[in-house]
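The following note sets out several points for a colleague who is examining this structure.

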Amino acid sequence: MRFLFLIHGDREAEAALSPDERRAIVGEHMAFATMLRERGVHVLSEALTDEAVTVRPGDKAFVSDGPFAETKEALGGFYVVDCTSRVEAIDLAGRVPQSPGVAVEVLTIADV
């Protein structure tokens, strides 16, 4: 079963960290991705910028700046993992490196 881990965090609090603290978090994510690869569950992972738009398709597509929801938390990255169960996915999500305001949303990817 494939799962998507959406990594939410507090961009303002993270921006207030020192460069060394931010580098340490990146290093922890690199180690986390290595652990996922060693377990054979890593499919894909990427960091995201804060540049986002929302597009509502239709006869006249509507485009607005930023994510749909106004929230203090911002989407900072994601992992796609292929696990044997939801329990394993939730366990791995609990190991995502800490950063200010971190929350991991675990979504099951549908087989279509």
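1. The accessible surface of the chain amounts to about 7,600 Å², and carbon and sulfur atoms contribute 56% of it. The model is a predicted one. Of the 112 residues, 29% count as buried.

2. The chain contains three helices and six strands, arranged from the N terminus in the order β-α-α-β-β-β-β-α-β. Along the principal axes, the C-alpha atoms fill a box of roughly 45 × 45 × 20 Å. Among contacts with a separation of 6 or more, 80% are between residues 24 or more positions apart.

3. The largest pocket has a volume of about 580 Å³. Its lining consists of 23 residues, and those nearest the centre are Glu 14, His 29, Ala 47, Gly 76 and Gly 77. Two or more lining residues come from each of strand E1 (2–10), helix H1 (11–15), helix H2 (19–39), strand E2 (42–47) and strand E5 (73–82). Helix H2 provides the largest share, six residues. By class, the lining of the largest pocket comprises eleven nonpolar, seven polar and five charged residues.

4. One aromatic pair is found in a search of the whole structure. The ring centres of Phe 32 and Tyr 79 are 5.0 Å apart and the planes stand at 80°, so the pair is classed as edge-to-face, the cut-off for that class being over 60 degrees. The pair links distant parts of the chain, since Phe 32 belongs to helix H2 and Tyr 79 to strand E5, 47 residues apart. Both Phe 32 and Tyr 79 are buried.

Technical notes: Residues are numbered from 1 along each chain as its sequence is written. This is a predicted model: local features need pLDDT of at least 70, side-chain atom pairs count only at pLDDT 80 or more; totals for chains, interfaces and linings use all residues. Side-chain values use heavy atoms; hydrogens and water are left out. On a 1 Å grid over the protein atoms alone, a cavity is a set of points where a 1.4 Å probe fits but cannot get out, and a pocket is an open set with protein on both sides within 12 Å along at least five of seven lines; lining residues have an atom within 4 Å of a point. Grid points are joined across faces, edges and corners, and a volume is the space filled by probe spheres set on the points. Helices (H or I, at least four residues) and strands (E, at least two) are DSSP runs, numbered from the N terminus. Ala, Val, Leu, Ile, Met, Phe, Trp, Tyr, Cys and Pro count as nonpolar, Asp, Glu, Lys and Arg as charged, and the others, Gly among them, as polar. Rings of Phe, Tyr and Trp (its six-membered ring) pair if their centres lie within 6.5 Å; planes under 30 degrees apart count as stacked, over 60 as edge-to-face and the rest as tilted. Buried means under 20% relative accessible area, exposed over 50%, partly exposed in between (1.4 Å probe, protein chains only). Contact means heavy atoms within 4.5 Å. Accessible areas come from the Shrake-Rupley method with a 1.4 Å probe; for residues, only the protein chains shown count as cover.
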